Amino acid sequence: MTDLVAYTDGACSGNPGPGGWGALLQATRDGKVLKERELCGGEPDTTNNRMELMAAISALEALERPSTLTVVTDSAYVKGGITAWLRGWKRNGWRTSTKKPVKNEDLWRRLDEAQARHDVRWEWVKGHAGHPGNEAADRLANEGMAPFKPKKR
């Protein structure tokens, strides 16, 4: 059986500031990579959390047909939001437990819609700890941010 994994990461230079997101999609069988696809992008003025969300959204939206996959993120914000908090936010009219508006509601709605097409398992890994998939996603996020960073003189 083929396994599908999406490694996702976001980066920001300043928070807010120029940011980027990256995703590495891998299809594997018996531990061997059969196919890989790299995605990245960025924005001139954003936050790290928005870029983390965009990485996951972009990975899920890139899949052409409904799939079973694992999304691996180093963002506790993304993992917690999608697996624990989202249901309550929706029930409370996109308000937090303290009745404040949910930050990044536009992207949370988009992520919720993107994951609805798929059977997704969410996994958290420690960032910058040598995990090959996470390191690749980090590299891609920095590539996505590069066009928006001011040039050094």
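Student: Does Lys-99 count as buried or exposed, and at what relative accessibility?

Tutor: Buried means under 20% relative accessible area, exposed over 50%, and partly exposed in between, with a 1.4 Å probe and protein chains only. Lys-99 has 61% relative accessibility and therefore counts as exposed. Lys-99 sits in the loop between α2 (76-91) and α3 (105-116). The C-alpha atoms of Lys-99 and Trp-89, 10 residues apart along the chain, are separated by 9.5 Å.

Student: What should be kept in mind about the model and its numbering?

Tutor: This is a predicted model, in which local features need pLDDT of at least 70 and side-chain atom pairs count only at pLDDT 80 or more, while totals for chains, interfaces and linings use all residues. Residues are numbered from 1 along each chain as its sequence is written, and side-chain values use heavy atoms, with hydrogens and water left out.

Student: How many helices and strands are there in the chain, and which pattern do they follow?

Tutor: Helices (H or I, at least four residues) and strands (E, at least two) are DSSP runs, numbered from the N terminus. The chain has four helices and five strands, and their order along the sequence is β-β-β-α-β-α-α-β-α.

Student: What does the radius of gyration say about the chain?

Tutor: It is taken over C-alpha atoms, and the globule rule is 2.2 Å times the number of residues to the power 0.38. For 153 residues a compact globule would have a radius near 15 Å, and the 16 Å of the chain agrees with that. The C-alpha trace spans about 50 × 45 × 30 Å along its principal axes. Of the 153 residues, 48% count as buried.

Student: What is the span of helix α4, and which elements cover its buried residues?

Tutor: The expected span of a helix is 1.5 Å times one less than its number of residues. Helix α4 (residues 132-145) has 14 residues and reaches 20 Å from its first C-alpha to its last, close to the 20 Å expected. Its buried residues include Ala-136, Ala-137, Leu-140 and Ala-141. The cover over the buried residues of α4 includes β1, β2 (17-29) and β3 (32-46).

Student: Which residues other than glycine have a positive phi, and where are they found?

Tutor: Among them are Asn-104, with phi near 65 degrees, and His-128, with phi near 55 degrees. Asn-104 is found in the loop between α2 and α3, and His-128 in the loop between β5 (119-124) and α4. Asn-104 is buried, with a relative accessible area of 16%, whereas His-128 is exposed, at 59%.

Student: Which residues does a cis peptide bond join, and what is omega there?

Tutor: The bond joins Asn-15 and Pro-16, with omega about 15 degrees. Pro-16 lies in the loop between β1 and β2.

Technical notes:
Contact means heavy atoms within 4.5 Å.
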